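Me: I have a structure open and would like to learn how to read it. Can we go through it feature by feature?

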Amino acid sequence: MIQIAILGLGTVGTGVAKVVAENKRQIERKLGEPLEVKTVLVRHFKDGLYRQLMTNDFQKIENDPEIRVVVETIGGVEAAYEYTRRALEAGKHVVTANKQLVAEHGCELLELAKRKNVSYLFEASVGGGIPILHPLTQCMAANRIDEIYGILNGTTNYILTRMVRAGATFQDALREAQEKGYAEADPTADVEGIDAGRKICILGDLAFGRQMDPEAVPMEGICKLSLQDVKIAQRAGYRIKLLGRAVRLPGSGRTAYVAPHLIPEDNPIANVEDVFNAVMVRGNATGDVMFYGKGAGELPTASACVADVMECLQASPRRDEIGWDGGTEGFADPLSLKSRHYFRIAGSLADAAAVFGQVEVLSENGETAFLTEAVSGQEAAQLSQSLKVLACMRVLA
Ligand code: HSE
């Protein structure tokens, strides 16, 4: 019998307990022995299925030699960081879906795990149920990764889909996403692009082998997005999606950011709807590889956590391929990246052309919506200073 502990019994923690119970037979067949949740750390005791397993004392887990893996689903940084460190120090494997903790302290926690000869795995921290980190670091290991971009937040993609397809209001769509267990405890992190930002940092860390400081990564969400722009873009053959993007630059440089983009409708990412996420990875040998699936929710996220639990227990000796350097040097401002830009201005085509020269007009109706030629973010910002800009977004090439 292999015993594990779960820290926190929210959406993901409950999902982990459910997957362990419901898929008991398959898990046992693969591990060679049964897997059981022995202890669940909670702040407040609640009646229900897991009442007998609950404790509010982490020492009971830390000092229990029978517990081999700790699944951290508390979220946030403070308690989660402390308990993760202590569990690793105590020689236990740790598995998590906590993207904030991994984005901010992943490098350090991986080093600690290595010193203690245990694993720290976090497949569920990016893309929910989509296998992306293991394929990126293992199956694509022979590639130089040049770019990763994708829809990395299920809540905002769900909100956009509901607003565009069903005419739901932003608030109603957000409430539905919360009810379905997609949104973060504080959904500001979803709608302001911070959650997607943490995930693109983790992807960039692993792809480029060096720390992406989340503080240095510009993150813009969907709060300023107008349905008017969505409709103009659609008529012109584009979809608007919130993308996280990390790009390798010449030399050892790299950059990353999160922002809404216009995406040509023939790009498969353009048609990713609801809670689904999709991540495109560009390897120099593979070309573009796309990963697609449910990016949030109880069971998809739990599936990735439990698979990591099984991997910790099976990987002997422990695999070392996951990790990155702690240095943050070489990170460049993403404004240096060139792309076409979408603008909607309170002004005429002549105003737009006077500033940007050749433009492609998408709509003229008192206001003018147009696409520029490829320019850097700095050029777009500088050139548009004399215009009354109502909306501005990058266009994905
Ligand atoms: N709030 C996150 C999302 C959960 O909506 O994608 C999964 O990380």
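Reply: What follows is a short tour of packing, pockets, salt bridges and backbone angles. Keep in mind that this is a predicted model.

Me: Let us start with a single residue. Where is I159, and is it buried or exposed?

Reply: Find the element first, then check the accessible area. I159 sits in helix α7, which covers residues 154-166. Its relative accessible area is 0%. Buried means under 20%, so I159 is buried.

Me: Now the nonpolar cores. Which residues touch the most other members of the largest one?

Reply: The largest nonpolar core has 74 residues. F122, L203 and Y342 touch the most other members. Take F122 as a case. Leaving aside neighbours within four places in sequence, F122 is in contact with T96, V102, L110, L133, I202, L206, D308, I322 and W324. Another core, of 30 residues, lies apart from the largest one. Its members include I4, Y50, V71 and L121.

Me: How do I look for empty space?

Reply: Rolling a probe the size of a water molecule over the atoms shows where empty space is left. Here, the largest pocket has a volume of about 1,200 Å³. It is lined by 46 residues, and G10, T73, I74, G75 and A185 are the closest to its centre.

Me: Which helices supply at least two residues each to that lining?

Reply: They are α1 (11-22), α4 (78-89), α5 (99-115), α7, α9 (188-191) and α10 (194-208). The largest share comes from α10, with 3 residues.

Me: What is the volume of the second largest pocket, and which residues lie nearest its centre?

Reply: Its volume is about 550 Å³. The lining of the second largest pocket has 28 residues, and E220, A259, C392, M393 and R394 lie nearest the centre. Two or more lining residues come from each of β9 (254-264), β13 (341-345), α14 (377-383) and β17 (389-395). The largest share, 6 residues, is from β17. By class, this second lining divides into 17 nonpolar, 6 polar and 5 charged residues.

Me: On to charged pairs. How many salt bridges are there?

Reply: To spot one, look for a side-chain nitrogen of Lys or Arg within 4 Å of a carboxyl oxygen of Asp or Glu. The count comes to 27 salt bridges. One of them joins D146 and R248, at 3.8 Å from N to O. D146 is in strand β7 (residues 145-151) and R248 in strand β8 (residues 238-248), so this pair links parts of the chain 102 residues apart. R248 is partly exposed, at 27% relative accessible area.

Me: Which residue forms a salt bridge with E147?

Reply: R282 does, with the closest N and O atoms 3.4 Å apart. R282 lies in strand β10 (residues 276-283) and E147 in strand β7, so the pair ties together parts that are 135 residues apart in sequence. R282 is partly exposed at 30%, while E147 counts as buried at 9%.

Me: What about a pair within one helix?

Reply: Look at D195 and K199, whose side chains meet in a salt bridge at 2.6 Å, N to O. They are 4 residues apart in helix α10, so about one helical turn separates them. D195 is buried, at 0%. K199 is buried too, at 4%. Salt bridges can also form a network, as with R85, E89, E108 and K116.

Me: Last, the backbone. What should I check in phi?

Reply: Most residues other than glycine have a negative phi. N117 has a positive phi, near 60°. N117 is in the loop between α5 and β6 (120-121), and it counts as exposed at 54%. D274 also has a positive phi, of about 55°. D274 is in the loop between β9 and β10, and it is partly exposed at 30%.

Conventions. Residues are numbered from 1 along each chain as its sequence is written. This is a predicted model: local features need pLDDT of at least 70, side-chain atom pairs count only at pLDDT 80 or more; totals for chains, interfaces and linings use all residues. Side-chain values use heavy atoms; hydrogens and water are left out. Buried means under 20% relative accessible area, exposed over 50%, partly exposed in between (1.4 Å probe, protein chains only). A nonpolar core is a set of buried Ala, Val, Leu, Ile, Met, Phe, Trp, Tyr and Cys residues joined through side-chain atoms within 4.5 Å. Contact means heavy atoms within 4.5 Å. On a 1 Å grid over the protein atoms alone, a cavity is a set of points where a 1.4 Å probe fits but cannot get out, and a pocket is an open set with protein on both sides within 12 Å along at least five of seven lines; lining residues have an atom within 4 Å of a point. Grid points are joined across faces, edges and corners, and a volume is the space filled by probe spheres set on the points. Ala, Val, Leu, Ile, Met, Phe, Trp, Tyr, Cys and Pro count as nonpolar, Asp, Glu, Lys and Arg as charged, and the others, Gly among them, as polar.
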